Protein chains: 2
Amino acid sequence: MTTKPERADRGVTLADIAREAGVSLATASRAMSGARGVSAATTRKVRAVAERHSYVVSPEASGLSRGSTGRIGVLTRHIARPFYAEALEEIESVLADHGLDTVVYCVRTPEDQHSFFERLPARRKVDGLLVLALPLSPHEKERLDLLDVAVVAASGQTADYPYVSIDDAEAGRQAMDHLLRLGHRRIAMIDAIDPNASEWPIELRSLAYTRSLEAAGIELEEDLFVRVPWGAEGGAEGMERLLSLREPPTAVFIHSDDLAYGALRVLRRAGLEVPRDMSVISIDDAPMSELLDLTTVRQDARLQGRLAAETLLAMLADEPYQRARLTPTRLVPRGSTAAPAR
Amino acid sequence: MTTKPERADRGVTLADIAREAGVSLATASRAMSGARGVSAATTRKVRAVAERHSYVVSPEASGLSRGSTGRIGVLTRHIARPFYAEALEEIESVLADHGLDTVVYCVRTPEDQHSFFERLPARRKVDGLLVLALPLSPHEKERLDLLDVAVVAASGQTADYPYVSIDDAEAGRQAMDHLLRLGHRRIAMIDAIDPNASEWPIELRSLAYTRSLEAAGIELEEDLFVRVPWGAEGGAEGMERLLSLREPPTAVFIHSDDLAYGALRVLRRAGLEVPRDMSVISIDDAPMSELLDLTTVRQDARLQGRLAAETLLAMLADEPYQRARLTPTRLVPRGSTAAPAR
C-alpha cells in the first residue's frame with residue numbers, strides 16, 4: 001500500500017549482514033542495537049550494509065535478549081485536558097531522551113479502567129508504569145503488582161508507590177489566605193470529584209478550605225460548599241448553585257482552573273462582573289488562565305511529569321530515588337480577585 | 001521495589017502450564033493469546049492455571065509468532081496543544097477498542113524530527129504510523145517506506161499517504177465570507193507557519209484570503225497580511241504589527257484559534273474592544289473558544305483522529321479504505337465579530 005516491497009530484501013538475516021560486513025555475528029548485533037563496545041567505524045560499516053539490504057532489527061528479538069521492552073506506559077484518565085496533556089508531553093520528552101518509547105493507556109470510564117486491570121497479567125508490554133493523577137483501588141494495586149514492573153504515581157499519591165505531587169493542602173491554604181487577606185468573609189468553595197473514581201484518599205483542597213475558615217474564626221456555612229464533577233461543566237453547575245442562594249458569596253475558591261473557566265462563563269452570562277461582584281481563585285495556572293486574567297495558585301504539570309519520569313528511570317537503573325517528592329505551588333494574583341465591594 | 005517477588009513463580013514455562021492444564025502446548029499458546037479455535041472452557045482452564053502461577057505471556061515472544069507488534073505509533077509535533085491532544089485522545093480510544101497500544105513519538109524540534117527518522121530503520125516497533133499534522137520531506141518519506149508499515153496522515157496531507165483532513169481553502173472561504181457579509185473591506189490576515197517545518201505544500205488558508213478579497217473586488221494590501229510562527233505568542237506578535245499600522249484593519253482573519261487567543265490579549269491590553277474596534281475570526285473551535293466568545297470556523301479534531309485511526313485499521317486488515325477523506329467545517333458565529341463601526 002504505502003510500501004515499495006521491491007526495495008526490501010526479505011530473506012536477509014543478521015548473519016548475512018555480519019558476513020558481508022566482515023564482522024562476527026555478535027559484533028553485528030551490537031552495532032545494530034547501538035550497544036557499547038563496538039567502534040564507530042565498525043558500527044557505520046555494519047549499518048551501511050544493513051541499510052543497503054533494508055535490514056531492520058526486530059525489536060521483539062532484540063528485546064528478548066535485553067530482557068526489557070524499551071517501553072514505559074502512562075496510565076491516565078485524560079489526554080486532552082491541559083494538565084494531563086502537559087505532563088504527558090514532558091514525560092514523553094524525558095523518556096525519548098533515554099531511548100524509551102511512551103505507550104499511553106487512557107482509561108476514560110470505570111469500565112475502561114476495570115478492563116485495563118483485568119487484562120493486565122496476560123501481557124507484560126512495558127518496563128514501567130507512570131500513573132497520572134489516577135487513584136487506584138487495593139485490588140487494582142494487587143493486579144499491578146503481578147506485572148512486576150516499576151510504578152510511579154505522578155500528580156497524586158496512590159497506594160504505596162513512589163510519587164511526585166504538589167502539597168494540595170498548602171495550595172489550598174495559599175488560595176484561601178489570598179481571599180481572606182483581601183477582606184472576604186463570605187467565601188464559597190466549588191470542590192471537584194472524579195465521578196469515575198472509586199475513592200480518592202483525602203480531600204486536601206477542601207480540607208484547606210474548612211481549616212482556613214476555622215483559623216479566621218468564620219463559621220462554615222453548608223450552602224457555600226458545593227461539590228461537582230470535574231471539568232468546565234462542573235464548574236458552571238457549581239456557580240449556578242451558588243448564584244441561586246438568597247445571599248451569594250463575595251468570593252469563591254474553585255478546585256481547579258478548568259472548573260473556574262466554566263464558573264466564569266456562568267458569571268458573564270448572569271451579567272455579573274468579576275471581581276466587582278465576585279472574586280474567583282483556583283488552582284493550576286493552566287495555559288489559558290493568563291488570557292482569562294484568572295487569579296490562581298500555580299502548579300507545574302511539566303515539572304511533575306519530568307520528576308516522575310526521572311524517578312521511574314532511577315528505579316529501572318537501580319539507582320537511588322526519593323519516594324516522595326512535592327513540587328512547589330505559588331499564588332499568581334491576576335484580575336479576577338479584589339477586595340469585596342459590599 | 002513495588003513488587004512481591006514471592007508471588008511469581010519465575011521458572012514456570014508455557015509447557016508447564018500446558019501440562020498442568022492437560023492440553024497441548026499449541027492449545028495453551030492459543031488460549032493465552034486469545035486466538036480462535038480454542039473453546040471458552042479450555043481458555044478459562046489454561047488461564048486459571050497461568051494466573052495461579054502468575055505466568056504472563058511475553059508479548060515479545062507472542063509478537064514474533066503473530067508477526068505483528070500490536071502497537072501503532074503516532075508521530076506529532078505537539079501533545080499539549082488542544083487540537084493535537086484531542087485528536088490523540090480519540091486515536092488512543094479507537095486503537096484501544098481494537099486491542100492495539102498507542103505509542104507517542106513527539107518530535108518538538110527539527111533535531112528531534114531528524115533523529116527520529118535517522119533511527120527509524122533500526123527498529124520496527126509498530127505496525128502502523130499516524131502522522132498528525134506534520135509535513136514530511138521526500139527524504140523522510142523514503143526513510144518511512146523502509147519500515148514497511150502502513151502510514152496515514154491525519155489533519156494534513158503529506159507525501160502520497162492516505163489522509164484525513166479538512167478542506168483548508170473552504171474553511172478559509174467560510175471565515176472570509178462572514179467578514180465580507182458583515183460589510184468589512186479592510187480585512188487583515190494573520191497567517192501561521194510552522195518554524196520547524198522544511199515545507200508545507202500549499203498555504204490553502206492564505207490562498208482563501210487572497211481569493212476572497214479578489215472575488216469581492218478588494219485590492220490586496222501587503223501590510224495587512226502578516227505571517228508569524230504558530231501559537232498564542234505568534235498571534236500576539238501579528239496583532240501588534242497590525243496595530244502599529246497607520247490605519248489598522250477593521251477585521252482580521254487569523255489562521256487558528258490559539259493565535260487568536262494571543263491576538264485578543266493584545267487587543268485587550270491596547271484598550272481596544274472586540275468587536276467594536278476590531279472583528280476577529282479564526283479556524284478551529286478549540287475548547288476555550290466558546291468561553292472567550294470567539295467567532296470561528298469549527299473543525300473536528302476528534303473526528304479527524306477517529307477516521308485516520310479507522311483508515312489505518314482498514315489498511316492493516318487489508319480491507320478497502322478511502323485514500324482521501326475531508327471532514328466538514330462550519331461557521332460558528334459568536335461575539336467577536338460584528339459590522340464595522342466606521
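1. Is A:Asp277 buried, partly exposed or exposed? A:Asp277 counts as partly exposed, at a relative accessible area of 22%, where buried means under 20% relative accessible area, exposed over 50% and partly exposed in between, with a 1.4 Å probe and protein chains only. The partner of A:Asp277 in a salt bridge is A:Arg276, with 3.0 Å between the closest N and O atoms; the term stands for a side-chain nitrogen of Lys or Arg within 4 Å of a carboxyl oxygen of Asp or Glu.

2. On conventions, this is a predicted model in which local features need pLDDT of at least 70 and side-chain atom pairs count only at pLDDT 80 or more, while totals for chains, interfaces and linings use all residues. Residues are numbered from 1 along each chain as its sequence is written, chains are lettered from A and ligands numbered from 1 in the order in which they are written, and side-chain values use heavy atoms, with hydrogens and water left out.

3. Over all chains, the whole structure holds 50 salt bridges. Side chains of opposite charge can pair when their charged atoms come close. One of the pairs is B:Arg306 with B:Glu90, whose closest N and O atoms lie 2.6 Å apart. This pair links distant parts of the chain, 216 residues apart, since B:Arg306 belongs to helix H12 (residues 301-316) of chain B and B:Glu90 to helix H5 (residues 82-97) of chain B; helices are DSSP runs of H or I with at least four residues, strands are runs of E with at least two, and both are numbered from the N terminus. B:Arg306 is partly exposed at 29%, whereas B:Glu90 is buried at 14% relative accessibility.

4. A further salt bridge joins B:Arg227 and B:Asp191, with the closest N and O atoms 2.8 Å apart. Here the two residues are 36 apart in the chain, B:Arg227 in strand E7 (residues 225-229) of chain B and B:Asp191 in strand E6 (residues 187-193) of chain B. B:Arg227 is partly exposed at 35% relative accessibility, while B:Asp191 is buried, with a relative accessible area of 0%. In chain A, salt bridges that share partners connect A:Glu86, A:Glu89, A:Glu90, A:Arg302, A:Arg306 and A:Glu310 into one network.

5. As for helix packing, helix H10 (residues 232-243) of chain A packs against helix H11 (residues 257-269) of chain A at an angle of about 45°, with their axes 6 Å apart; axes are lines fitted to C-alpha atoms over the stretch in contact, and angles run from 0 to 180 degrees between N-to-C directions.
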